Number of protein chains: 12
Amino acid sequence: MIGLKLLLLNGPNLNMLGTREPEIYGSETLPELVNAVRGYAADRDVELRDYQSNIEGELVTAIQEARLWADGILMNPGAYTHTSIAMRDAISGIDVPVVELHISNVHAREPFRHKSMLSGVCLGVIAGFGRDSYFLAIEALIRHLS
Amino acid sequence: MIGLKLLLLNGPNLNMLGTREPEIYGSETLPELVNAVRGYAADRDVELRDYQSNIEGELVTAIQEARLWADGILMNPGAYTHTSIAMRDAISGIDVPVVELHISNVHAREPFRHKSMLSGVCLGVIAGFGRDSYFLAIEALIRHLS
Amino acid sequence: MIGLKLLLLNGPNLNMLGTREPEIYGSETLPELVNAVRGYAADRDVELRDYQSNIEGELVTAIQEARLWADGILMNPGAYTHTSIAMRDAISGIDVPVVELHISNVHAREPFRHKSMLSGVCLGVIAGFGRDSYFLAIEALIRHLS
Amino acid sequence: MIGLKLLLLNGPNLNMLGTREPEIYGSETLPELVNAVRGYAADRDVELRDYQSNIEGELVTAIQEARLWADGILMNPGAYTHTSIAMRDAISGIDVPVVELHISNVHAREPFRHKSMLSGVCLGVIAGFGRDSYFLAIEALIRHLS
Amino acid sequence: MIGLKLLLLNGPNLNMLGTREPEIYGSETLPELVNAVRGYAADRDVELRDYQSNIEGELVTAIQEARLWADGILMNPGAYTHTSIAMRDAISGIDVPVVELHISNVHAREPFRHKSMLSGVCLGVIAGFGRDSYFLAIEALIRHLS
Amino acid sequence: MIGLKLLLLNGPNLNMLGTREPEIYGSETLPELVNAVRGYAADRDVELRDYQSNIEGELVTAIQEARLWADGILMNPGAYTHTSIAMRDAISGIDVPVVELHISNVHAREPFRHKSMLSGVCLGVIAGFGRDSYFLAIEALIRHLS
Amino acid sequence: MIGLKLLLLNGPNLNMLGTREPEIYGSETLPELVNAVRGYAADRDVELRDYQSNIEGELVTAIQEARLWADGILMNPGAYTHTSIAMRDAISGIDVPVVELHISNVHAREPFRHKSMLSGVCLGVIAGFGRDSYFLAIEALIRHLS
Amino acid sequence: MIGLKLLLLNGPNLNMLGTREPEIYGSETLPELVNAVRGYAADRDVELRDYQSNIEGELVTAIQEARLWADGILMNPGAYTHTSIAMRDAISGIDVPVVELHISNVHAREPFRHKSMLSGVCLGVIAGFGRDSYFLAIEALIRHLS
Amino acid sequence: MIGLKLLLLNGPNLNMLGTREPEIYGSETLPELVNAVRGYAADRDVELRDYQSNIEGELVTAIQEARLWADGILMNPGAYTHTSIAMRDAISGIDVPVVELHISNVHAREPFRHKSMLSGVCLGVIAGFGRDSYFLAIEALIRHLS
Amino acid sequence: MIGLKLLLLNGPNLNMLGTREPEIYGSETLPELVNAVRGYAADRDVELRDYQSNIEGELVTAIQEARLWADGILMNPGAYTHTSIAMRDAISGIDVPVVELHISNVHAREPFRHKSMLSGVCLGVIAGFGRDSYFLAIEALIRHLS
Amino acid sequence: MIGLKLLLLNGPNLNMLGTREPEIYGSETLPELVNAVRGYAADRDVELRDYQSNIEGELVTAIQEARLWADGILMNPGAYTHTSIAMRDAISGIDVPVVELHISNVHAREPFRHKSMLSGVCLGVIAGFGRDSYFLAIEALIRHLS
Amino acid sequence: MIGLKLLLLNGPNLNMLGTREPEIYGSETLPELVNAVRGYAADRDVELRDYQSNIEGELVTAIQEARLWADGILMNPGAYTHTSIAMRDAISGIDVPVVELHISNVHAREPFRHKSMLSGVCLGVIAGFGRDSYFLAIEALIRHLS
């Protein structure tokens with residue numbers, strides 16, 4: 001599966017990684033984590049582009065645009081996981097498989113984090129493995145696209 | 001009713017018309033559709049300005065600004081229909097009548113699409129007639145404003 | 001679309017138009033309104049037959065029988081909108097497209113009026129435009145059947 | 001408590017103060033109100049910076065950035081009060097105390113305004129005192145930070 | 001209050017009085033009960049007309065027509081109490097005061113009998129006094145109309 | 001039915017009759033109303049004792065003690081109608097029939113007033129007839145006890 | 001069990017059998033089906049009378065009248081299954097055993113078809129066997145009455 | 001339909017038939033009942049094997065294994081009716097039609113018995129006819145398989 | 001605003017301040033706190049009377065009586081916040097503005113503390129600022145009454 | 001464990017023991033029962049003081065005061081079990097262990113008796129053993145305090 | 001009450017006592033605890049047999065078989081408390097009184113542990129006293145059976 | 001991480017892999033899949049033992065026993081995912097990390113499959129990647145244990 005191109009999408013507050021609630025999210029910053037994930041991808045001959053936004057509508061746009069170039073999306077939708085019908089519609093509207101991932105185990109947190117508006121239109125979900133969730137999501141997409 | 005000015009507002013993912021789920025939304029693109037609607041309006045001596053955004057807050061702003069120039073708004077709020085209290089407040093805050101419209105019959109789809117946060121503060125609702133919903137909404141506004 | 005035949009169906013209490021809660025429903029009587037709608041239809045070479053009943057089962061029968069002659073139905077189901085599975089089944093059981101319409105904006109009234117048992121099996125819904133809802137529904141059916 | 005720096009954050013539609021539903025929100029515009037609040041703060045040797053946005057994600061960013069300079073935040077989150085998990089996460093992710101405030105008594109309005117997604121992670125809540133809510137929130141923060 | 005005219009309306013299954021669940025409803029038949037109530041009314045110079053139907057829509061029609069001649073309505077809506085929005089709309093649509101009455105104490109029976117769709121638009125409610133509920137309802141209307 | 005003794009029980013805030021929300025409750029004070037009811041009872045050879053308290057537990061005690069002397073209770077439980085299991089248990093624990101009455105039509109007010117914890121263990125309910133509710137309740141008890 | 005007399009009651013839209021949604025209900029018409037069921041009954045020396053109506057209140061009346069001549073009722077209540085308290089009361093009010101039957105497996109359809117207002121007062125329920133449901137219901141009644 | 005083979009599956013506590021709540025379930029023991037059903041089946045040239053277990057997982061296994069030899073299953077799932085997704089999945093996973101049956105009328109009992117996790121994936125349901133439910137279920141399967 | 005008279009009302013368990021859950025409520029006793037608040041009021045030429053009770057009905061009475069002398073009420077209703085319709089009615093029944101206050105941030109505690117029966121009829125709400133909530137409430141009332 | 005002092009607290013309507021619903025609560029009066037319990041305690045060198053009130057707030061006060069002298073509380077909260085947040089707060093506010101007890105098996109009665117507002121802050125719960133519940137609660141406290 | 005025979009039934013995960021969550025369940029193993037309980041029983045001339053299983057259906061069988069020899073059952077149903085209708089039916093099907101017991105205070109834990117499917121058909125419930133719950137349950141059964 | 005030992009646990013109906021709903025679960029049998037997973041593990045020097053059962057209680061036991069030898073568990077709990085508190089308690093009771101995995105995307109199926117009783121006590125969740133879910137779960141555990 002030479003030359004896969006993937007979009008790594010990060011939602012609201014993930015730009016705060018390393019500073020926000022480190023007991024839940026760890027102390028690595030987002031750029032550091034993205035670099036590590038990009039290296040991991042490169043080792044598998046996968047090109048990774050990344051995008052982060054706090055704005056729901058910009059995430060919608062990023063998903064829409066990915067249909068033109070990406071083979072797959074790994075997406076940590078953050079807080080919009082639980083409410084965004086707009087992102088759900090964007091995912092439904094493209095043919096690119098999307099993996100939803102979470103750093104923390106959302107099911108072990110507040111009840112409003114137990115429901116996802118997005119999972120039902122994604123390929124699959126990976127949650128709770130800390131930064132490893134990103135690497136597992138890459139792995140999942142490569143396997144799926146092979 | 002000479003010289004009416006209307007705002008045609010389209011919400012998230014409507015910029016994807018023609019590419020997204022064509023079995024539900026048809027294959028006409030948004031610019032094509034807007035052109036057709038503008039022509040239809042012009043035939044009735046109605047000026048139509050249009051705006052589309054994937055960002056909830058930008059739609060809020062567009063509604064706010066319409067109070068300064070528009071005689072009415074026809075609005076397809078897309079996914080924000082079901083959750084946006086901010087757009088509801090914007091509509092309540094202006095004196096311009098708003099018609100909520102939907103291309104698909106939202107009541108025949110997933111349960112979370114059956115509830116609208118906006119309908120209660122709109123003049124009325126038109127849903128399910130495909131692209132015709134736009135033309136009917138123009139008609140409804142012209143009749144109401146006459 | 002020469003020679004369309006449409007059924008105009010009015011549910012419970014619509015025979016009281018003009019006397020009942022005029023601040024919501026206006027002061028025009030049902031026969032006056034039906035006449036106006038019939039004239040509007042005739043101008044478009046559309047034949048309109050109308051039927052009103054306060055009895056749910058008679059409305060069911062009228063929907064059933066329309067399958068033998070009507071090209072479309074415009075229906076103001078009144079209070080049965082919110083509870084009638086029998087009317088829903090009747091609509092599902094015929095191949096004639098049905099437009100659900102309401103004079104008032106049901107979404108701006110009591111919560112029990114926000115839910116429709118019928119919308120999901122209709123072609124579309126038009127609500128909130130006063131007597132204009134009838135004319136818009138005619139327009140919607142003509143466009144759909146063309 | 002010399003030299004406190006506070007962020008005054010206003011959410012969607014608050015830029016419409018003075019024009020929107022004056023029977024609820026009064027006729028003073030937002031710049032006028034902010035000026036009055038800034039003067040009140042200055043009298044207490046408190047520096048006030050203000051920010052308003054209709055976009056949820058921009059409010060998220062403003063909260064995130066306040067961790068670098070602000071001693072406290074007074075925030076009228078408007079319509080996002082009731083739905084924004086992203087703002088909740090942003091507040092949880094900083095060490096700066098936040099006071100949630102509302103001009104109107106949200107509990108005396110529609111049921112969907114009775115629930116706040118934000119109050120649980122704020123220092124406290126002040127609601128219902130009109131423009132006074134802003135002054136009381138300043139007072140509350142100064143007391144808390146002393 | 002000489003010459004009051006009242007409508008006594010009985011809903012579904014009340015024609016079975018005397019045969020149906022006598023431990024709840026007693027053994028007096030409906031004609032016998034109506035006679036007794038009519039006599040009681042006559043003693044107070046009140047004319048009583050009565051109507052019973054098992055058909056919701058016919059009860060709607062009876063309520064509508066009462067606006068032309070009746071000073072008040074005493075109504076035992078039977079099973080339609082709990083579901084009939086059509087009867088609710090009919091009552092809202094006339095200026096005649098309506099007293100809702102029940103023979104049994106509906107609150108001591110199945111939960112689905114605890115909710116009334118009608119009480120909110122009636123003058124008042126009397127329930128649980130057996131056949132006396134009818135006489136008390138007459139009394140209530142006479143007092144109200146005096 | 002010579003020599004009946006009845007307890008007239010009034011719950012919280014009924015001591016404010018005449019001053020509280022007169023558009024709902026009228027301008028007659030509680031002592032004036034009780035006097036009128038007592039006179040009405042005396043005319044029927046019925047002795048009426050009355051008791052009012054704002055304290056739930058004192059109303060419980062009054063119900064308990066009535067078992068020793070009263071033939072019936074007419075009770076306006078006010079706000080405790082909707083929550084008091086203690087009063088419900090007190091009523092269940094005595095053999096004296098209780099009529100629940102309300103001045104206003106509770107079903108036409110806020111939803112939390114639509115549910116009664118007490119009705120299910122009372123003889124019957126009378127609501128919505130203003131001060132007449134008291135006289136009708138006397139009448140209901142006399143009829144029941146005859 | 002010589003000479004049993006049974007009522008076969010069919011509710012709304014069952015008069016459309018053979019034309020309505022044949023993939024669910026089959027292509028046999030109601031008269032054809034009733035004839036087959038009558039023949040089956042006759043073979044067992046059972047007399048079958050049948051009645052169909054789209055009107056809830058007429059079904060109520062048919063149930064009431066059956067108490068005078070029928071040994072049992074087999075009833076396909078159609079859409080009224082899920083909402084009719086009036087039919088429930090009618091069944092409770094007679095001593096004749098009633099078998100509720102459905103052609104389709106209502107539990108495999110929309111959620112609002114999963115609840116029956118009638119089953120709780122019927123002898124039993126048979127659902128999902130297509131036209132066989134009628135024959136099984138006959139069988140069930142004959143066995144029960146033997 | 002010569003030589004049909006059916007599985008008769010009985011769930012938890014049905015081994016107690018004849019000793020458990022005889023006013024609901026009768027006094028016949030399970031072996032006696034199975035014998036009677038087997039005889040009834042044999043008369044129709046149908047071979048019946050039976051299995052009872054109190055253990056959900058063993059019932060799952062029995063359903064799985066029936067795919068290898070059975071033409072149909074009649075199943076009284078007892079208490080697991082209302083909760084067992086595992087049995088539901090087992091039924092979905094085989095091509096053998098399953099008839100769900102109940103001795104008692106579950107709809108006339110506690111609310112938690114009104115919901116079935118299994119009915120939606122069964123051919124049909126028979127409930128409330130005492131031991132006859134078994135014979136009717138045999139009949140239903142033979143008819144369906146013919 | 002010379003000579004304002006305010007009632008400071010404290011509900012159940014607030015007499016335990018200083019001993020009860022000091023990590024939530026602090027170690028100052030109620031008399032100490034009331035003294036501090038009274039001093040604060042006196043500095044603003046405001047007379048403060050205080051009342052505490054564990055008994056709901058006594059709090060009702062105190063609210064009722066305040067209508068005769070008080071210009072405003074600051075009230076910490078404690079546990080009755082969440083259930084007391086009687087106190088709600090008392091507040092509705094007087095013309096004196098009431099500020100609801102809480103020491104702790106009730107929204108950060110158990111879900112049953114998130115709902116207030118009282119907020120909707122109060123002027124406003126202040127919660128979460130520890131003992132400062134009292135001083136802020138004074139401030140709010142003085143501002144409102146000026 | 002020599003010299004333990006316990007408070008026996010009885011809530012509303014328990015003063016009616018022996019007269020109220022004896023089929024549920026037995027015919028022993030409260031003083032008789034308390035005497036028996038006191039004797040049982042004395043045999044174990046435990047001093048028992050008892051208090052009964054119908055008034056929620058007095059029960060709150062009794063719990064508060066027990067912190068000054070009691071080693072434990074055995075409490076039958078009666079109807080306040082299901083609603084009293086004030087009693088819950090009082091229990092949370094003291095360091096004395098509390099055993100909740102009930103004479104009847106509350107779980108076998110009406111659904112509103114299945115929920116306890118108090119159990120979560122008590123040491124434990126004993127319910128359903130008639131008068132024995134009191135003796136078992138003594139035993140439980142002695143064991144816990146040893 | 002010489003020679004009582006009791007069954008001590010322990011449900012899933014109770015075989016892990018002493019190793020599982022010792023801060024909740026203590027460090028004593030199940031055999032040690034059973035021995036202690038058996039000794040306590042023997043001192044009262046009560047024979048105790050015990051059974052533990054992780055399998056719901058085996059617990060059902062154990063309850064069924066106890067009807068042949070046991071005078072009472074003390075049962076810690078563990079996780080099946082909250083879901084097992086099969087165990088509920090088994091208990092209903094025997095004449096042996098059952099005491100439900102829990103080591104921890106289930107009401108102070110997750111909400112899904114607050115509901116019991118079993119309590120309603122047991123004699124009574126004892127929860128929250130650690131290992132003492134077993135001894136109290138023995139005591140409760142001996143008292144009940146005397 | 002040389003010499004890791006993992007338990008691969010499969011719940012109800014997973015023994016049917018390859019025969020059951022292949023459009024959802026694929027055509028590979030469970031032994032084939034387990035072999036592939038074991039080989040994958042062996043390549044990473046990880047020993048894999050596997051266990052499958054249809055019986056909830058046996059799965060509970062397998063989890064309990066794994067605490068004695070396993071470094072981690074990968075578990076496809078099948079239908080018990082949604083209801084098993086017993087498995088939840090077993091997982092809570094051991095110190096071995098558990099990864100919950102699903103072949104299908106449970107969030108895209110029936111609503112009752114959207115809730116997991118287990119996720120909250122697992123390390124993390126992987127769902128929707130077909131057989132790849134197993135390999136990803138191995139990967140996740142190895143990463144976590146390194």
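What rotation superposes chain F on chain I? A rotation of 120 degrees does it, with 0.0 Å of shift along the axis and an RMSD of 0.0 Å. The superposition is by least squares on the C-alpha atoms of residues with pLDDT of at least 70 in both copies. That is the relation of a three-fold axis. In chain F, F:Ile55 has the C-alpha nearest the axis, at 4.3 Å. Only 18% of the interface residues of chain F are also interface residues in chain I, so the copies meet through different surfaces.

Some housekeeping. This is a predicted model, in which local features need pLDDT of at least 70 and side-chain atom pairs count only at pLDDT 80 or more, while totals for chains, interfaces and linings use all residues. Residues are numbered from 1 along each chain as its sequence is written, chains are lettered from A and ligands numbered from 1 in the order in which they are written, and side-chain values use heavy atoms, with hydrogens and water left out.

Next, chain I and chain D. Their contact (heavy atoms within 4.5 Å) takes 22 residues from chain I and 22 residues from chain D. The buried area is about 1800 Å², and carbon and sulfur atoms give 58% of that; buried area here is the accessible area, with a 1.4 Å probe, that two parts lose on being put together, summed over both.

Two salt bridges are found across this interface. The term means a side-chain nitrogen of Lys or Arg within 4 Å of a carboxyl oxygen of Asp or Glu. D:Arg143 forms a salt bridge with I:Asp132, the closest N and O atoms being 3.2 Å apart. On the side of chain I that touches chain D, the elements giving two or more residues are strand E5 (124–127) and helix H5 (132–145) of chain I. Helix H5 gives the most, with seven residues. Helices (H or I, at least four residues) and strands (E, at least two) are DSSP runs, numbered from the N terminus.

Chain B and chain I have no contact, and their closest C-alpha atoms lie 20 Å apart. For chain G and chain I, which do not touch either, the nearest C-alpha atoms are 30 Å apart.

Now salt bridges elsewhere. Over all chains, the search finds 96. F:Asp132 and E:Arg143 form one, at 3.2 Å from N to O. This pair crosses between chains, from helix H5 (residues 132–145) of chain F to helix H5 (residues 132–145) of chain E. F:Asp132 is buried at 13% relative accessible area, whereas E:Arg143 is partly exposed at 23%. Buried means under 20%, exposed over 50% and partly exposed in between, with a 1.4 Å probe and protein chains only.

Within chain H, H:Glu28 and H:Arg131 meet at 2.8 Å, N to O. H:Glu28 lies in the loop between helices H1 (22–25) and H2 (30–43), and H:Arg131 in the loop between strand E5 (124–127) and helix H5 (132–145), so the pair ties together parts 103 residues apart in sequence. H:Glu28 is partly exposed at 22%, and H:Arg131 is partly exposed at 37%.

Last, chains A and B. A:Arg88, A:Asp89, B:Glu110 and B:Arg113 are linked in a network of salt bridges. B:Asn13, in the loop between strand E1 (4–10) and helix H1 (22–25) of chain B, is buried at 2%. Leaving aside residues up to four places away in sequence, B:Asn13 touches residues including A:Asp89, A:Val60 and B:Arg20.
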